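Colleague: I am new to this structure and would like to learn how to read its features. Could you take me through a few of them?

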Amino acid sequence: MKPPLFHPGQEVVCTNDDFTLLLVQNPNIQTPKRGPIYTVRGIYDTHRGYGLTLTEINNADVAPGFPEANFHESRFAPVPPLEQIDIAEAIEESVTAKHSFM
């Protein structure tokens, strides 16, 4: 199996926050949303690849007797280090996105 894409302590953003099937199974599970920055708390080797738990979300007590809900790593992208973010480019993307919705 390939190594995990992320490591504990790494900052990530959620790119796919459609957890409809998971919430049907247990509506009490807290799930990540697009937008906020999360910190990887743990990595779990599952039968479908690696799952992440996040520092900002704790589902340990949601389903007693079962492992804590984790979220497949494919739903996340790394947050680039601040020095790699071109502020002018980020502002331009934001302005362009706003105008495309009008």
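**Salt bridges, a buried residue and a pocket**

Modeller: Let's begin with a pair of side chains: Glu-68 and Arg-41 meet in a salt bridge, with 2.7 Å from N to O. Glu-68 sits in the loop between S3 and S4 and Arg-41 in strand S2, so this pair links distant parts of the chain, 27 residues apart. Please keep in mind that this is a predicted model, where local features need pLDDT of at least 70 and side-chain atom pairs count only at pLDDT 80 or more, while totals for chains, interfaces and linings use all residues. Residues are numbered from 1 along each chain as its sequence is written, and side-chain values use heavy atoms, with hydrogens and water left out.

Colleague: What is a salt bridge, and how many does the count come to?

Modeller: In general, side chains of opposite charge can pair when their charged atoms come close. The rule here asks for a side-chain nitrogen of Lys or Arg within 4 Å of a carboxyl oxygen of Asp or Glu. The count comes to two salt bridges. Besides the pair of Glu-68 and Arg-41, Asp-17 forms one with Arg-34, and their closest N and O atoms are 3.9 Å apart. Asp-17 lies in the loop between strand S1 (11–14) and helix H1 (20–25), and Arg-34 in the loop between H1 and strand S2 (37–46), so the pair ties together parts that are 17 residues apart in sequence.

Colleague: Which residues does Asn-59 touch?

Modeller: Asn-59 is in the loop between strand S3 (49–54) and strand S4 (71–72), and is buried, with a relative accessible area of 3%. A contact means heavy atoms within 4.5 Å. Not counting residues up to four places away in sequence, Asn-59 touches Asn-28, Ile-29, Gln-30, Glu-68, Ala-69 and Phe-71. A polar atom of the Asn-59 side chain also lies 2.9 Å from the backbone nitrogen of Gln-30.

Colleague: And how should I read the overall layout?

Modeller: Helices (H or I, at least four residues) and strands (E, at least two) are DSSP runs, numbered from the N terminus. The protein chain has two helices and five strands, in the order β-α-β-β-β-β-α from the N terminus on.

Colleague: Which elements give two or more residues to the lining of the largest pocket?

Modeller: The general idea is that rolling a probe the size of a water molecule over the atoms shows where empty space is left. On a 1 Å grid over the protein atoms alone, a pocket is an open set of points where a 1.4 Å probe fits, with protein on both sides within 12 Å along at least five of seven lines; lining residues have an atom within 4 Å of a point. The largest pocket is lined by 24 residues, with Leu-22, Gln-25, Arg-48, Ala-69 and Asn-70 nearest its centre. H1, S3 and S4 are the elements giving two or more residues to this lining, and H1 gives the largest share, four residues.

How values were computed:
Buried means under 20% relative accessible area, exposed over 50%, partly exposed in between (1.4 Å probe, protein chains only). A polar contact is a pair of N or O atoms within 3.5 Å; within protein, one must be able to donate a hydrogen and the other to accept it, and residues adjacent in sequence count only if both atoms are side-chain atoms.
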